Amino acid sequence: MLDFDLYMPTRVEFGRGAEAKVGALVARQGCKKVLIHYGSGSAVRSGLLDRVKGALKDAGVDFVELGGVKPNPRLSLVYEGIALAKREGVDFILAVGGGSVIDSAKAIGYGVANEGDVWDFYDHCRKAEACLPIGVVLTLAATGSEMSMGSVITKEEGMQKRAYDDDLCRPVFAVMNPELTMTLPDYQTACGCTDILMHTMERYFTNCGTMEITDSIAEALMRTVMENARILLRDPQNYDARAEIMWAGSLSHNGITGCGGDGGDWCTHMLEHELGGMYDVAHGAGLAAVWGSWARYVLDDCLPRFVRFAKNVMGVSDASDDRTVALKGIAATEDFFRELKMPTNLRELGVNPTEAELQELARKCAIAAGGGRGAAKFLREADMLAIYRMALDA
């Protein structure tokens, strides 16, 4: 195992009706004015936004609001939020929504608290020195952004989708009511479950030393997500299954499933980010579309981990050689994605890139990776191109 530093400052209010506590939680921060940041309408249609605003008014908290966040949140709205927050004297941001809203709120927080262009952080030209405090009312279990150090923003110019990680942006609190996820379309629930799995899998597939307790937590989390995702296919209103998925989403990305490791692989996410930037696909679906091709490409360089995953997570009991066991584990994972009606190749994802576009995807991915990346297998541009080609018709 490797030494590690685990920082999880987020207070969690979890359960039915938890959003009623948001006024008191915000007031406790001693802020002067809050920016309520939300998406493209569901928070309004469901009445959640009105309940949140009512709770803030009851607590004597002044606020302004900015909606319109889209999946793969856009830099242009971040700029709009930064200007609004500075003009209104905002000193706290409340994100009401899923990962895209939270990520956009984090970027606004960076932009208000630091001079210069906020994109510099996502382009890795410099590091942030501060971030406005963030609170969350979560409506979608997926990204784990409600407890994580990460955010991902898409710059429309050049369609660049980039991540920036810094403990400065970890939310000070997260309000989680599983009931708020019950109105989600099945596709969004499936995308969320896939993203949750991937956040743990990215940390799990590594060639560095790991800790048995961390591996066991990760394996239990993955099995739990799969079991409860299947329950939600049959019974979308199942509160207990919604709760299991929501809490797994937070645990998958707050750092606990990677303790003692090297930080993880993250190449599947980087491959998907370019797909999201170029084609604006749903993040979870994009991950499912490339994971199997990535797994088969890196398999021989990370065989023991794939064998353990096949046996401990996917229940493969085959006693044949390790490589066969590992391949059956990969195939079983893809079968699970198909159960959720997730794509397992690019054409099923709905994109049909030309060879020139595949090369552009690989080029941009390599740039974002600083030339190369990977803990299961170190990948450079040629490797990324090979995986994209495999994923076209996998």
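This is a predicted model: local features need pLDDT of at least 70, side-chain atom pairs count only at pLDDT 80 or more; totals for chains, interfaces and linings use all residues.
## A walk through the packed helices

Residues are numbered from 1 along each chain as its sequence is written, and side-chain values use heavy atoms, with hydrogens and water left out.

**Stop one: α10 and α15.** Select residues 267-279 for α10 and 355-368 for α15; their axes come within 9 Å and cross at roughly 125°. Helices here are DSSP runs (H or I, at least four residues), numbered from the N terminus. The axes are lines fitted to C-alpha atoms over the stretch in contact, and angles run from 0 to 180 degrees between N-to-C directions. The pair is therefore oblique; angles under 35 degrees count as roughly parallel, over 145 as roughly antiparallel, 65 to 115 as roughly perpendicular and the rest as oblique. Now show the side chains in contact (heavy atoms within 4.5 Å): from α10, Met270, Leu271, Glu274, Leu275, Met278 and Tyr279, and from α15, Glu357, Glu360, Leu361, Lys364, Cys365 and Ala368. Colour them by class and you will find eight nonpolar, no polar and four charged residues. Ala, Val, Leu, Ile, Met, Phe, Trp, Tyr, Cys and Pro count as nonpolar, Asp, Glu, Lys and Arg as charged, and the others, Gly among them, as polar.

**Stop two: α7 and α11.** Next, bring up α7 and α11, which pack at about 55° with their axes 7 Å apart. That angle makes α7 oblique to α11, and their crossing is left-handed. On the α7 side, pick out Tyr187, Cys191, Thr194, Asp195, Met198 and Met201; facing them in the contact are His283, Gly284, Ala285, Leu287, Ala288 and Trp291 of α11. This contact has eight nonpolar, three polar and one charged residues.

**Stop three: α11 and α13.** Among the contact residues are Ala288 and Trp291 of α11, with Leu327 and Phe337 of α13. By class, the contact divides into seven nonpolar, two polar and two charged.

**Last stop: a pocket lining.** Finally, select Asp186, Tyr187, Thr189, Ala190 and Cys193, which are among the lining residues of the second largest pocket. α7 gives the largest share of that lining, five residues. The lining holds seven nonpolar, one polar and three charged residues. A pocket is an open set of points on a 1 Å grid over the protein atoms alone, where a 1.4 Å probe fits, with protein on both sides within 12 Å along at least five of seven lines; lining residues have an atom within 4 Å of a point.

Notes:
Helices (H or I, at least four residues) and strands (E, at least two) are DSSP runs, numbered from the N terminus. A crossing is left-handed if the near helix is turned anticlockwise from the far one by less than a right angle, and right-handed if clockwise.
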